[in-house]
Amino acid sequence: MSEATPDRLPILYSFRRCPYAMRARMGLLASGIKVELREVVLRDKPQAMLDISPKGTVPVLQLQDGTVLEESIDIMRWALGRHDPQGWLRHGRAAYAIIEEIDGPFKHHLDRYKYHTRYENADPEFHRAAALKILQRLNTRLSEHGQLLGAQPTIADYATFPFIRQLANHDRGWFDAQLLSSLHKWLAQHLKSDLFNIMMRKYKQWQPADNQTCFP
């Protein structure tokens, strides 16, 4: 039975280090929409989350009317569609084209580079090289204006950099040695931002008996 009612906050099930959950939290933070945050440990998923989203991945946002959003981009678009003070949703089609490449080919290669033992016959060096080609194209974009679609960041930048961070952190020496100066600068700026640091604050694992934790 749904917990959501019109007089309570939307409920966000999240995991701090998941790039998809990072997206959702940044979108909510930028929009100023307050939610009840339930921090999940992936090896111990709460039954309340599985009841509304059996696929068992984060983020999951349950709205007051019981509607469940299970995709990070859908959560970002929902939040920013209600309040977008920084104009993240401008350049809509161009932004979503970049996000589709990150969620499709780049994530495919990232997973097989970082977690190659999970995939039969995956060659991590091949997949790293394929991911690098995508990074090089992003670097060219960033060299023109500093952000992916101009001088100001959009949803494309915020939906992309958590995955670039994930790749970079797997072998920082290799990543830093690549000729990607604009991408390196862009990533460092986002990782130093107030938005990122607020979004990455730690919360204890949610338990059903806990008091409500509001985010932001």
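Entry 1: I began with N121, which lies in the loop between α4 and α5; helices here are DSSP runs of H or I with at least four residues, strands are runs of E with at least two, and both are numbered from the N terminus. This is a predicted model, in which local features need pLDDT of at least 70 and side-chain atom pairs count only at pLDDT 80 or more, while totals for chains, interfaces and linings use all residues. Residues are numbered from 1 along each chain as its sequence is written, and side-chain values use heavy atoms, with hydrogens and water left out.

N121 is not a glycine, yet its phi is positive, at about 60°. Is N121 buried or exposed? N121 counts as exposed because its relative accessibility is 72%; the cut-offs are under 20% relative accessible area for buried, over 50% for exposed, and in between for partly exposed, with a 1.4 Å probe and protein chains only.

H91 also went into the notebook, with a positive phi near 60° in a residue other than glycine. H91 is found in the loop between α3 and α4. With a relative accessible area of 39%, H91 is partly exposed.

I then looked up the cis peptide bonds. One runs from V58 to P59, with omega near 5°, and P59 is found in the loop between α2 (47-52) and β3. Another runs from F215 to P216, with omega near -10°; P216 has its place in the segment after β5. I noted these because most residues other than glycine have a negative phi, and most peptide bonds are trans.

**Entry 2: the sheet.** In what order do the strands of the sheet lie? I read β4-β3-β1-β2-β5, an open sheet of 5 strands with mixed pairing; two strands pair if DSSP finds at least two bridges between them. The edge strands, β4 (68-69) and β5 (214-215), each pair on one side only.

β1 and β2 run parallel and are joined by 4 bridges, and L12 stands opposite L37 in β2. β2 (residues 35-39) pairs with β5 in the antiparallel sense, over 2 bridges; here E36 stands opposite C214 in β5.

How many of the residues of β2 are buried? I found 5 of its 5 buried, so β2 is mostly covered by the cut-offs above. V35, L37 and E39 point one way from β2, and E36 and R38 the other way. In a regular strand the side chains alternate between the two faces of the sheet.

**Entry 3: helices around the sheet.** Helix α1 (residues 19-31) lies across β1 (11-14), β2 and β5, and runs at about 145° to β1. For that angle, axes are lines fitted to C-alpha atoms, for helices over the stretch in contact, and angles run from 0 to 180 degrees between N-to-C directions.

In helix α3 (residues 72-82), I listed S72, I73, I75, M76, W78, A79 and L80 as buried. The buried residues of α3 pack against β1, α1, β3 (60-62), β4, α4 and α6, where contact means heavy atoms within 4.5 Å.

Next came helix α5 (residues 124-145), which holds T140. T140 counts as partly exposed, at 45% relative accessibility.

**Entry 4: the largest pocket.** I put its space at about 440 Å³. On a 1 Å grid over the protein atoms alone, a pocket is an open set of points where a 1.4 Å probe fits, with protein on both sides within 12 Å along at least five of seven lines, and lining residues have an atom within 4 Å of a point. Points are joined across faces, edges and corners, and the volume is the space filled by probe spheres set on them.

Which residues lie nearest the centre of the largest pocket? I noted R17, P19, K114, Y115 and Q166, out of 17 lining residues. α1, α4 (92-114) and α6 (155-170) each supply at least two residues of the lining, and α6 gives the most, with 6.
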